[in-house]
Structure formats: C-alpha cells, structure tokens
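Have the coordinates open while you read.

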Amino acid sequence: MKKIMIVSPNKVLAQGLMSAVQTRPSLNFEWLAQFGYNEAAIGVDVYRADVVILDVMDEAVSDQVLELCRTLRRGNRDVCLLLLVRQDQSKVRTMAVKAKQAGIADDFVFYDSSLAYLFAKLAAL
C-alpha cells in the first residue's frame, strides 16, 4: 500500500482528497493529511510517506514549500514530492517547473486537474 501525505493549510482540500481516496479502495493508497508546513518534515518521517503532496497555495508560501522540499530531500531521498499549484499564478507555476528541473520536486499538478489525473500521477510516482 502506497502511503501518501498531503501537506496543506487548506483543511477542506485535504479532507476532500482523503474522502475521494477512501471511496476508491482499488487505488491501494493510505492517506494522511498534515495541515502545517512547519511540522511536515517530522510528519513525513514518522508516517514514512512514499509520496508527499505539497500544496503551494500562493506565492506567499512558495519559498517555505521549496525549503521543505529541500529538507525532505536531505532527510529521505526515497520520498516522492508532488507540488500542487494553481495554474493562474504564473510565479508559482514557474517555481514548480524550476523545482522539477532542479530535482527539488519530482513533479507538479494543477489545482484544476481531475481526480483521475491526480490519482494516476500518484500511482506512477
């Protein structure tokens, strides 16, 4: 079973995705939500996450998310990092592309992606 953690201050988003996963047991995902970036590195380690979805809500948190990615890379090279970004924010979108190119994150998806696309991406990581 693949362990997936979402790190997002947006509780509604995290709980919504968790509910969507629970209705699809065939995905074979175990899901956990972490609601703050500051505690996320510890949570990922304790939970032993295989994939971490990092919600980049806006430009104001992008530096914090990138630093968390770097911390997670140093502490656990096996964890896959997926950025969740808003397509309408060009600076955040550019940051996600550069983070993927630099190997800081493994990939990114947009907020408006379908659940099927997100779940396929998670299964592939």
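1. Surface to begin with. The protein chain has an accessible surface of about 6,600 Å², and carbon and sulfur atoms account for 51% of that. Bear in mind that we are looking at a predicted model.

2. On burial, 45% of the 125 residues in the protein chain count as buried.

3. Now the fold. You'll find 5 helices and 5 strands in the protein chain, and going along the sequence they come in the order β-α-β-α-β-α-β-α-β-α. The radius of gyration is 13 Å, close to the 14 Å from the globule rule for 125 residues, so the protein chain is as compact as a globular protein of that length. If you want box dimensions, the C-alpha atoms fill roughly 35 × 30 × 25 Å along the principal axes.

4. Contacts next. Take those in the protein chain between residues at least 6 apart in sequence: 73% of them join residues at least 24 apart.

5. Is Asp 107 buried or exposed? Its relative accessible area is 11%, under the 20% cut-off, so Asp 107 counts as buried.

6. Which side chain does the side chain of Asp 107 make a polar contact with? That would be Lys 121, at 2.8 Å. Setting aside neighbours within four places in sequence, Asp 107 is also in contact with Leu 81, Leu 82, Leu 83 and Lys 100, as well as Lys 121.

Terms used
Residues numbered from 1 in each chain as written. Predicted model: local features only at pLDDT ≥ 70, side-chain atom pairs only at ≥ 80, totals over all residues. Heavy atoms only, no water. Helix = DSSP H or I, 4+ residues; strand = E, 2+ residues; numbered from the N terminus. Rg over C-alpha atoms; globule rule 2.2 N^0.38 Å. Buried < 20%, exposed > 50% of the residue type's maximum accessible area, 1.4 Å probe, protein only. Contact = heavy atoms within 4.5 Å. Areas by Shrake-Rupley, 256 points an atom, 1.4 Å probe, with all protein chains shown as cover. Polar contact = N/O pair within 3.5 Å; in protein donor to acceptor, adjacent residues only side chain to side chain.
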